[in-house]
Amino acid sequence: VDSSDTREEDYLVVIDPGHGGEDPGAVGGKGSHEKDVALAIANRLKRIINWDSRMRAVLTRTNDYYVSLRKRVLFAMSMSADVFLSIHADGAKRRSARGASVYILSTDGASSEMGKWLAQRENASDLAGGVDIGEQEPILQRTLLDMGLDWKIKESRLLGIELLNAMGKVGPLHSANVERAGFAVLKSVDIPAVLIETGFMTNPDEEQALQQVLV
């Protein structure tokens, strides 16, 4: 984790590059790994945010190593972050699936079959790192009601709308609406939190485009 270069008065953005280490995430047809793409995008986003003197960004991982979903959440909470952005570039059953999407926490089921499927994949990522996903720290056992859930979801949705508007200007969107799904990494942070799917590693054209961030 990266806790450097933060000041108490900064608006602190925790950026969470998905996967890492023995957990590659989605693998494209040309062999690109989601973990590498997510980290490269996260590093670029960190630099952009840090150019603004009113904000500061830190990463949950700074290199190719494994961090459990639980530790990602605990890091954001220990840093008293103002917002949590989880970066991914997932796969899909259909190679034609394309475009970016933004997800926020859902408490009553996913808003799409794609969201349900992606959440199941991401929530199982701890298995790749050898972590018992049933294991929880006491701090993560608080009920969602204790977190001011309505406020958190409302703010997350407003953030998601702004992100989609920005991403829609530079590339295709998989969904023009903020989607909802039960991503574990969004459940236990008591701040606005979104999961950003930047594209699909399983789409040949998007894999090629996403590979450009690795150069």
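Entry 1: The model is a predicted one, in which local features need pLDDT of at least 70 and side-chain atom pairs count only at pLDDT 80 or more, while totals for chains, interfaces and linings use all residues. Residues are numbered from 1 along each chain as its sequence is written, and side-chain values use heavy atoms, with hydrogens and water left out.

E1 (residues 11-17) and E2 run parallel and are joined by five bridges; for two strands to pair, DSSP has to find at least two bridges between them. I found Tyr 11 opposite Met 55 in E2. Four of the five residues of E2 (residues 55-59) are buried, so this strand is largely enclosed by the rest of the structure; buried here means under 20% relative accessible area, exposed over 50%, and partly exposed in between, with a 1.4 Å probe and protein chains only.

Entry 2: I checked the length of H1: its 17 residues should span 24 Å at 1.5 Å a residue, and the end C-alpha atoms are 24 Å apart, which agrees; the expected span is 1.5 Å times one less than the number of residues. The buried residues of H1 include Val 37, Leu 39, Ile 41 and Ile 49, and also Glu 34, Lys 35 and Lys 46. I see the buried residues of H1 packing against E1, E2, E3, helix H3 (113-123) and H7, a contact being heavy atoms within 4.5 Å.

In the loop between H1 and E2 I looked up Ser 53, which counts as exposed at 59% relative accessibility. The C-alpha atoms of Ser 53 and Asp 10 are separated by 8.3 Å, although the two residues are 43 residues apart along the chain.

**Entry 3: helix H7.** In H7 (residues 204-211) I list Glu 206, Glu 207 and Leu 210 as buried. Seen down the axis of H7, these residues fall within an arc of 105°, so they line one face of the helix; the arc is that of the directions from the helix axis to the C-beta atoms. The buried residues of H7 pack against H1.

Entry 4: Which residues of H5 are buried? I find Leu 149, Lys 152, Ser 156, Gly 160, Leu 163, Leu 164 and Met 167. They cover an arc of only 100° around the axis, which puts them on the same side of H5. The face turned away from that buried side carries the exposed residues Asp 150, Lys 154 and Glu 162. The partners of the buried residues of H5 are strands E3 (83-88), E4 (101-105) and E6 (193-197) and helix H6 (184-187).

I then turned to Ser 101 in strand E4, which is buried, with a relative accessible area of 1%. Among the residues that Ser 101 touches, not counting those up to four places away in sequence, are Leu 164, Met 167, Leu 195 and Ile 196.

**Entry 5: the whole chain.** I note seven helices and six strands, helices being DSSP runs (H or I) of at least four residues and strands (E) of at least two, numbered from the N terminus. Of the 215 residues, 50% count as buried. Among contacts between residues at least 6 apart in sequence, 83% join residues at least 24 apart.
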